[in-house]
Amino acid sequence: MSELVTVTGDDFAGSAHVDGATVQAVLKGNADYAAFDALEMLLNRIHSETKRLAANEVVVDLRQLEFMNSSCFKSFVSWVTDIQELDDAKRYKVRFLSNPTYHWQKRSLHSLRCFAVELITVVEQ
Amino acid sequence: MEPVAYFELNFRPNVALVSVVRRFVTEFYERFLSDPDGTSRVALATHELLENAVKYSKDGETTIRIEVDVTQKPIVVKLRLRNRAEVAHIIAIKEILEGVASAPDAFTFYQQLIGKKSKQRQGSGFGLARICAEAEMVLNQHIDNDMVTIEATTSVGGAR
């Protein structure tokens, strides 16, 4: 596994690494207004590296993410839009790992998945 | 248990305080509600409304009042935020609420908004629509000159 990017804030942390044909990302803490820039940087880096590596899937582990505000949710919408705009051969899938005890995740990931049902799967663990 | 529990804060919120208040009100809701999903919904709405206040309050001051009415079955939770706002923000709120009202349902409107704003990099503009669609709260707005009051109301199952 090789590390792609790590971002940290007072109350938020994110990292991504490559594992074979998959990029794995983990988000922890509180994705609120203060985390917005870090999250944008993380998602931009994941997108560029996933394209460069021709990886076929990104797994995003949200199981330790306590909360996400609408600005950070919008960052995910923008990322998914960028994936949708790739050529068919370069388009990759996104699998979210969610925590059923953080109830907002079920609702927000449902909203995101409805926007890009062809790209997104959600697994509760 | 008293029929209506409430608290009211008059403060100058900042970015860091929003999450502090969300965690505080989550504990407040948990004191009365045995429905974790309901607690999560109203905590999300509280956070989004407070962030709106941080971004758009004219003088930085915001009053938030939270009521939990356990005499109703299901329980009714009402959030009320008051702050002074610029005309542009008042119009933006009105447009979102009119959009939700004219759509078949709040989730449909939210999905349309997500599609419309997906390419914009600055700001989300999702906050109020998210409250309606994901937090399943009904929003109402009252305007008195530059004073905006937003009320968010929902029913939550399960009293403690």
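These legends accompany close-up views of a predicted model.

**View 1. The fold of chain A, from end to end.** Welcome to chain A, whose secondary structure comprises 3 helices and 6 strands. Read from the N terminus, its elements follow the order β-β-β-α-β-α-β-α-β. The radius of gyration of chain A is 13 Å, close to the 14 Å that the globule rule gives for 125 residues, so chain A is as compact as a globular protein of that length. Along the principal axes, its C-alpha atoms fill a box of roughly 35 × 30 × 25 Å. Buried residues make up 38% of the 125 residues of chain A. Take the contacts in chain A between residues at least 6 apart in sequence: 69% of them join residues at least 24 apart.

**View 2. Helix H2 of chain A, a mostly covered helix.** Here we zoom in on H2(A), which covers residues 70-84. With 15 residues at 1.5 Å a residue, this helix should span 21 Å, and its end C-alpha atoms do lie 21 Å apart, so the two values agree. Of these 15 residues, 11 are buried.

**View 3. Where chain B meets chain A.** At this meeting place, 25 residues of chain B are in contact with 21 residues of chain A. On the chain B side, four helices each supply at least two residues: H1 (15-32), H2 (36-56), H4 (106-117) and H5 (127-133). The most comes from H2(B), which gives 7 residues.

**View 4. The open sheet of chain B.** Follow 5 strands of chain B across this sheet in the order E1-E2-E3-E5-E4, with antiparallel pairing. Its edges are strand E1 (4-11) and strand E4 (138-144) of chain B, each of which pairs on one side only. From one strand to the next, the twist averages 15 degrees.

**View 5. Strands E4 and E5 of chain B, with a helix packed on the sheet.** E4(B) pairs with E5(B), residues 147-156, in the antiparallel sense over 7 bridges. One pair to find is Ile143(B) and its bridge partner in E5(B), Val148(B). Helix H3 of chain B, residues 87-102, packs on the sheet and touches both E4 and E5 of chain B. The direction of H3(B) makes about 145 degrees with that of E4(B).

Notes
Residues numbered from 1 in each chain as written. Chains lettered and ligands numbered in written order. Predicted model: local features only at pLDDT ≥ 70, side-chain atom pairs only at ≥ 80, totals over all residues. Rg over C-alpha atoms; globule rule 2.2 N^0.38 Å. Buried ≥ 20, exposed ≤ 12 C-beta atoms within 10 Å, placed from the backbone. Contact = placed C-beta atoms within 7 Å. Expected span 1.5 Å × (residues − 1). Pairing = 2+ DSSP bridges. Axes fitted to C-alpha atoms, helices over the stretch in contact; angles between N-to-C directions.
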